[in-house]
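These are my notebook entries on one protein chain, kept in the order in which I looked things up.

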Amino acid sequence: MRRTFCAAAAGLVLAVGGAVVSPAPEAATAAVPAAPKPKPRPSTPTLPVPRPTVDPKLSIGGERLASMGVVVDLPAGVPAPPRLKDVSWVLADMDSGEVVAAKAAHARLLPASTLKTLTALTLIPKVDANRPFRATAEDANADGTRVGLLPGQTYTGRQLFSALLMSSGNDAAYALARAGGGRQATLAAMNQEARQLGAHDTVAKDPSGLDAPGQTSSAYDLALIGRAAMQLPDFRTYVTTKQLKFPGAKGRNGKRASFVISNHNRLLYNYDGTIGIKNGYTNAAKRTFISAVTRGGKTYILTEMYGLDNSWRPQAAMYDWAFRWGGKARPVGRLVHPGEVTEPPTPAPAATDAPGAPAADAAKGDGRADGAAAAIPSALGSQRVPPWVGVASLAAAVLLVALFAVRGITGGGAGRRPSRHRAR
């Protein structure tokens, strides 16, 4: 009876997860060869669909840029732009500011290290490139990517900016933030710079771009930020430098060794005319990128967020399309000028209260302080446990307690037979 009860209980335990599995019989009459298992096919990641975060009437740069899908306006004979494996992207003429094509331009997403572009834009005018700054242990112990700053060693502002933009050094970001007046003062200045640019989807919480609660940006904002940063000659020099000697530790002779740092922008090495700008990646943000290419007097800027393809070739294909067809495509929006929209648009009271008007939440989502208005549902950023798992765990625990109770009643005590199996 004990064996029958245990077998039945084991069958119930196996059934809780949603697939009923019967316990094997105690004696098999004949061995049946198992059918060969099919080889698992590699899973192809799918792009999540962002939720709207801005009312079209409040969409900076044009109503069409509020769409969460691909937006183009192509005359007959002009092919569609190539597909990018990004949740969000914007392709714009960097000189005129015309947006040639876009997808989910205002979707609020995690920017990862593309936010360092805003850090540099904010601090290059404030931090003397020739002045030495001493690194601290806090700088050197930064999470994520580091260039390799050493506590107590000094670095010029120019070396720190090179490390920030070429090697994406989080240690350099924190050292520069201290040089710029401290981390909180730097973040306040970064957010003020974003407001001045009209980048109201952007909320900076960490100057390195590491994921932080409430930190967001958008492909549209990254285009504004990248376009403004490229107006700074020093910034252009940093983001187009492929390799640079960087100071290391002092030897016994008192001289500092050096090592070579390389630019992480792979497009810079593989696509003619590339002039910047900055890549980024975290597990939650996925691949993010701001790039710019100039040819024949024409310059385009391409920003990407939540990308699933690490190759530079899809970007190259988009730029090929832009230089071939971009001049014939009709603009779907525009990049606003610095100082043009310094406050986030708000709906008129009558429009908000009128029956059938856009939901108030959509308007609230345009507020810069609302960092919770990210376009990707939080469930996609952290794997949630399915509800049945909790039920299964509880049922399994109850059944196991019952099994031990039966075992204690029927076979417990000093007279229990020794086990047939030995511990290995």
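Before counting anything, I note that helices (H or I, at least four residues) and strands (E, at least two) are taken as DSSP runs, numbered from the N terminus. On that basis I find 14 helices and eleven strands in the protein chain. The model is a predicted one, and I therefore turned to its confidence before its details, since where pLDDT is low the predicted coordinates should not be read in detail.

Entry on confidence. I looked up the mean pLDDT of the protein chain, which is 81, with 71% of the residues at 70 or more. Residues 1-30 stay under 50, and for this stretch the model has 24 contacts beyond four places in sequence. Over residues 350-373 the pLDDT is likewise below 50, and I noted 37 contacts there beyond near neighbours in sequence. I leave both stretches without further comment.

Entry on the chain overall. Of the 424 residues in the protein chain, 44% are buried. Taking the contacts with a separation of 6 or more, I find that 68% of them are between residues 24 or more positions apart.

Entry on helix 7. I asked how many residues of helix 7 (residues 219-229) are buried. The count is eleven of eleven, so that the helix is mostly covered by the under 20% cut-off for relative accessible area.

Entry on helix 10. This helix, residues 313-325, has 13 residues and reaches 18 Å from its first C-alpha to its last, close to the 18 Å expected at 1.5 Å a residue. I listed its buried residues as Gln315, Ala316, Met318, Tyr319, Trp321, Ala322 and Trp325. What do the buried residues of helix 10 pack against? Their partners are strand 2 (86-93), strand 3 (98-103), helix 9 (267-270), strand 9 (286-295) and strand 10 (298-307).

Entry on a helix pair. Two packed helices are described by the angle between their axes and the distance between the axes, and I looked up both for one pair. The axes of helix 2 (residues 116-123) and helix 6 (residues 183-197) come within 9 Å and cross at roughly 95 degrees, which means that helix 2 is roughly perpendicular to helix 6. On the side of helix 2 the contact is made by Leu118, Thr119, Leu121, Thr122 and Leu123, and on the side of helix 6 by Thr186, Ala189, Met190, Glu193, Ala194 and Leu197. I sorted the residues of this contact into seven nonpolar, three polar and one charged.

Entry on backbone geometry. Ala112, in the loop between strand 3 and helix 2, has a positive phi of about 50 degrees although it is not a glycine. Beyond its neighbours within four places in sequence, Ala112 is in contact with Gly209, Gly280, Tyr281, Thr282, Ala285 and Thr288. I also recorded that Ala112 and Ala212, 100 residues apart in sequence, are 9.5 Å apart in space, C-alpha to C-alpha.

Ser168, in the loop between helix 4 (157-166) and helix 5 (170-179), has a positive phi of about 55 degrees although it is not a glycine. Its relative accessibility is 6%, so Ser168 counts as buried.

Last, I noted a cis peptide bond joining Gly276 and Ile277, with omega about 15 degrees; Ile277 lies in strand 8 (residues 274-282).

Definitions and conventions. Residues numbered from 1 in each chain as written. Predicted model: local features only at pLDDT ≥ 70, side-chain atom pairs only at ≥ 80, totals over all residues. Heavy atoms only, no water. Expected span 1.5 Å × (residues − 1). Buried < 20%, exposed > 50% of the residue type's maximum accessible area, 1.4 Å probe, protein only. Contact = heavy atoms within 4.5 Å. Axes fitted to C-alpha atoms, helices over the stretch in contact; angles between N-to-C directions. Parallel < 35°, antiparallel > 145°, perpendicular 65-115°, else oblique. Nonpolar A, V, L, I, M, F, W, Y, C, P; charged D, E, K, R; others polar. pLDDT = per-residue confidence, 0-100.
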